[in-house]
Amino acid sequence: MKSSRSPLAKGLLALPLRWLGLAWAVGVAGGCLVPQDDTLLEGIPERRNRPPRIVENQVQPPEPIIEDFGAGDLCELDFSVIVEDPDVDDLLTVRWYLDYDTQNPTGAYREFQLANNGQPQRGDRATLRINLRAANSPLSAPGPHLVEAVVADTRLVGREPVPISTIVLDGGGVIVNPGYMVTHAWFVTTVSGECQ
Amino acid sequence: MSRMGLTLLALAVAGSGCAYLPDSPEESTLVCRNDAECAEDEVCFLDGCGNPGQHIVVEVTPNPKRGLHAQDFPVENLRPQQNLELFGPATLQGRVRRQTLLPGPENSSTAYSSPLSVRASGESLLIPGVVRRHEAHLVPDNGGFQLSVGSGSYTVTLLADDPQVPPASELRVVEPGKAVPLDFLLPAPTAITRLTGKVVRVGSALVEADLEVQALDDTLRPLSQRVPVVRGTGDFLLALPPSSAKLEHVLVQVTAPRAELLVPQKAFTVDPRPGVTAPLELGDYGEPVAVQGRVVNRDGQPVASASVYLQGKVGGGGQFRSRTVTTDMEGRFELLSLPSHPDTPLTLYAVPPPGTSAGITLQPTAIPRGGVTLRDIVCPDKVIASGTLMRPEGLPAAGVRVEAEPVGEVTGWPLPAQGTQAEAATDEDGRYRLRLDPGEYRFDFIPAENLPRVSRFVTVLPSSDLEVAPFTLSKGRRISGLVTISDPELAGPTPGIPYASIRFFRVVNVEGKPSAVLLAQTVADSAGSYTASLPTR
């Protein structure tokens, strides 16, 4: 069937359709068909914190159970831990707890900050020297004792790590960047002897 | 390993500077405050001016969990690239046999295959004061045993789980990578010197507490194991080596195994030859009594969180130490003690916590049998030790961590128990300040940036405050290298030993005494590479 419209009429009808098609193509290409919410980043997003690690094969003494502390000439023990943290700028603290009792919590016996050497493996190490000949030596009482090294890359409340940061999103969601705490423990039995 | 292999290994080690220290270190007398006071190529160390490349011993601990313990090597002419090639594990290994007293040399002993502990305690051969201790509880395989140790000089003690086997001790020197033979021959059960007896309080009255006894020789070396006293009868049975039967006397020490038992410790001189002793009387040490008091500082203000305990001689001649208690917010305490000996008061120790201005105090305290409320215990002020630290270029060194580790006591004062950290890192003027009890200390200065750590020995006397002479940090030079092991069976997937601990010491004579000062410590990375910063000019 042949169209009865004149060529002029066809041209007048096609012109708006062409413009409409062109506008549609521009809109799709520009991605502005649906209005989007604006999200502005105020800075580089904070990297999620990674936990420190006690280098287990280098803890001293290597044996977790130490019998007869105070017998013979064994009057002094050095406890030490080496720590690795992939976040090289983290402030790492090592707290030494002696006979920590969760029912009657007390503070750390001693606390060290590990020097930052710009490497994941901190060259600095936390060493606790216990000498039974010293006044008020904390392990002098005969019997079993618990020695713990608590390594944290954040502030501790009691012995619980506090998150590094918490972000509350507009929708009510919460993103927590956690802080971490890792421990190593030794069981020491002190015996009465000639050290005191 | 073949002879050729051993020769090549020795050459490689010598080539990398890992030869044994041939000469005793020279004595240094020059006291200095900064490197500028020393000769052109010297550094001001704790012991005076010295060449920073000499008298250095490196301790490398590859992996104690795998039995690769510390190895020490002197380093001559320390170079910027200092690879450390290690030996395999050093071991004490041998057999434990027990005499049988059967006729004939072939049957005179049998393999001992019951559970036992082997303990090696000693010191590094090259680094004075570095103590080493290794222990294993094991069941010998047909009498055979092996204990991995670090290099050092050791007293090795075998303690069988069976309390009727007397302990045996041997001395051994272990060099890196060496397997040192060590055999123990335990006496036959019939040859053991047995010593029986009874522990009583007075007369036939028994002690209402768990007790333990142990026989010692004149040098306080154990002759027997520590065995429990039978609670209901007071009886004990000690097993001593056969040679003890010829001794005119041994010491038998009676102790309480737990702190809450208010029983004195007492040593008795006993003739072991009859095999039976007269009852060991602890004596009339009285009943526990309450002791109350208050700890205050020089201004009369209460000292909270101070530790308080009593120690000394009690009735019957035994030694007693009470449990340690802590003062409350008002400085008050209450503890249980035995009454003091009628002729000798106990000593009361009050130890305020670190960081407070109050210092340790000891005072003779008579404890009557009815208990006592003491007058206020006044603590003296701690001594304030302060000083100034400078950077190598002469500016004040700010942000340096300062720690004081007690290394000895001064006359009339006990050894302080706890190291102390300065209230803050050095300020912008390089000033630091610590509150310390009297004692001998090693001050460690640990810069936050890449400068080497520095140590100084400081004696704190119980007089006025102490101004430590100012001194200057040294420049650092970076040492790096790879830690490897010569034994291919122990090598891992990487060419280096991952996470090896490395410590550099300067070994010198300080006041005529061989001493070691830690210059740097570091840890190898996961590929076995390490870097450290050591002093230089």
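**Close-up views of the interface and the disulfides**

**View 1. Polar contacts between chain A and chain B.** Between chain A and chain B, 20 residue pairs, with both residues at pLDDT 80 or more, are in polar contact (a pair of N or O atoms within 3.5 Å, where within protein one must be able to donate a hydrogen and the other to accept it, and residues adjacent in sequence count only if both atoms are side-chain atoms). On the side of chain A that touches chain B, two or more residues each come from strand 2 (65–69), strand 6 (110–113) and strand 7 (126–131) of chain A, strands being DSSP runs of E of at least two residues and helices runs of H or I of at least four, numbered from the N terminus. Strand 6 of chain A gives the most to this side, with four residues.

This is a predicted model, in which local features need pLDDT of at least 70 and side-chain atom pairs count only at pLDDT 80 or more, while totals for chains, interfaces and linings use all residues. Residues are numbered from 1 along each chain as its sequence is written, chains are lettered from A in the order in which they are written, and side-chain values use heavy atoms, with hydrogens and water left out.

View 2. The contact (heavy atoms within 4.5 Å) takes 48 residues from chain A and 54 residues from chain B. The area buried between the two chains (accessible area, 1.4 Å probe, lost on being put together and summed over both) is about 3900 Å², of which carbon and sulfur atoms give 44%. Three salt bridges are found across this interface (a side-chain nitrogen of Lys or Arg within 4 Å of a carboxyl oxygen of Asp or Glu), and the side chains of B:Arg401 and A:Asp124 meet in a salt bridge at 3.2 Å, N to O.

**View 3. The disulfide of A:Cys75 and A:Cys195.** The sulfur atoms of A:Cys75 and A:Cys195 lie 2.0 Å apart in a disulfide (cysteine sulfur atoms within 2.5 Å), and the link is left-handed, with -80° about the S-S bond. A:Cys75 lies in the loop between strand 2 and strand 3 (76–81) of chain A and A:Cys195 in the segment after strand 13 (181–190) of chain A, so the pair ties together parts 120 residues apart in sequence. A:Cys75 is buried at 3% relative accessibility (under 20% relative accessible area, 1.4 Å probe, protein chains only), and A:Cys195 is buried at 4%.

**View 4. The disulfide of B:Cys38 and B:Cys49.** B:Cys38 is joined to B:Cys49 by a disulfide, S to S 2.0 Å, and both cysteines are buried.

How values were computed:
Buried means under 20% relative accessible area, exposed over 50%, partly exposed in between (1.4 Å probe, protein chains only).
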